[in-house]
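Work through these exercises with the model open. Each task is followed by a solution in steps.

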Amino acid sequence: MSINYADGSSGGCAAAPWAAGSLSVEESERLAKVLKAVADPVRLRLLSMIASHPGGEACVCDMSGAFELTGPTISHHLKVLRQAGLIAGERRGTWVYYRTVPEVLRDLSAALLPVEVVNVTA
């Protein structure tokens with residue numbers, strides 16, 4: 001991954017976006033909920049699987065086999081991601097298909113990237 005800063009440099013330390021001003025109570029509560037959701041390795045992996053799945057959405061049936069967890073445990077982790085607003089689900093027959101919510105992922109990225117970052121490229 002390559003990070004390019006506004007001045008043309010890359011790498012180095014820079015202040016987080018909120019260094020310019022503190023987060024409001026509402027912003028900090030919302031961000032904490034999202035960060036808590038992705039702080040679990042299973043949920044982080046589920047989010048990654050959904051985001052990288054062809055077509056931008058993944059069926060729970062496609063993800064269950066990747067874990068040594070019971071169905072109810074996977075459902076719990078998906079519920080936490082949904083409640084944090086990171087994913088949305090749509091039932092189609094027996095299965096639920098999940099997709100990421102781009103706006104929430106953008107907000108999360110903006111909170112974690114330094115202000116000076118212009119773009120991130122792989």
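**Exercise 1: Hairpin and sheet**

Task: Describe how S3 and strand S4 (residues 95-100) pair.

Solution. S3 and S4 pair in the antiparallel sense, over six bridges. Strands here are DSSP runs of E, at least two residues long; helices are runs of H or I with at least four residues; both are numbered from the N terminus. Two strands pair if DSSP finds at least two bridges between them. This is a predicted model: local features need pLDDT of at least 70, side-chain atom pairs count only at pLDDT 80 or more, and totals for chains, interfaces and linings use all residues. Residues are numbered from 1 along each chain as its sequence is written, and side-chain values use heavy atoms, with hydrogens and water left out.

Step 1. Look at the turn. S3 and S4 form a hairpin with two residues between them. Gly93, in the turn, has a positive phi of about 70°.

Step 2. Widen the view. An open sheet of three strands runs in the order S2-S4-S3, with antiparallel pairing. Strand S2 (57-59) and strand S3 (87-92) are the edge strands, and each pairs on one side only. On average, neighbouring strands of this sheet are turned by 25° against each other, direction ignored. Axes are lines fitted to C-alpha atoms, for helices over the stretch in contact, and angles run from 0 to 180 degrees between N-to-C directions.

**Exercise 2: The helix on the sheet**

Task: Which strands does helix H2 (residues 41-52) touch, and which of its residues are buried?

Solution. Step 1. H2 packs on the sheet and touches S2, S3 and S4. Contact means heavy atoms within 4.5 Å. The direction of H2 makes about 85° with that of S4.

Step 1. Check the length. H2 has twelve residues and reaches 16 Å from its first C-alpha to its last, close to the 16 Å expected at 1.5 Å a residue. The expected span is 1.5 Å times one less than the number of residues.

Step 2. List the buried residues of H2: Val42, Arg43, Leu46, Leu47, Met49 and Ile50. Buried means under 20% relative accessible area, exposed over 50%, and partly exposed in between (1.4 Å probe, protein chains only).

Step 3. Look down the axis. The buried residues of H2 fall within an arc of 160°, so they line one face of the helix. The arc is that of the directions from the helix axis to the C-beta atoms. Pro41 and Ser52 are exposed on the other side of H2.

**Exercise 3: The disulfide**

Task: Which residues does the disulfide join?

Solution. Step 1. The structure holds one disulfide. Cys59 is joined to Cys61, S to S 2.5 Å. A disulfide is a pair of cysteine sulfur atoms within 2.5 Å.

Step 1. Read the hand. The torsion about the S-S bond of Cys59 and Cys61 is about 125°, so the disulfide is right-handed.

Step 2. Cys59 is buried, with a relative accessible area of 1%. Cys61 counts as partly exposed, at 34% relative accessibility.

**Exercise 4: Two single residues**

Task: Is Thr100 buried or exposed?

Solution. Step 1. Thr100 lies in strand S4. At 18% relative accessibility, Thr100 counts as buried.

Step 1. Find the contacts. Leaving aside neighbours within four places in sequence, Thr100 touches Leu47, Ile50, Ala51, Gly56, Leu86, Ile87 and Leu105.

Step 2. Now take His76, in helix H4. His76 counts as partly exposed, at 44% relative accessibility. His76 and Arg43 are 33 residues apart in sequence and 9.6 Å apart in space, C-alpha to C-alpha.
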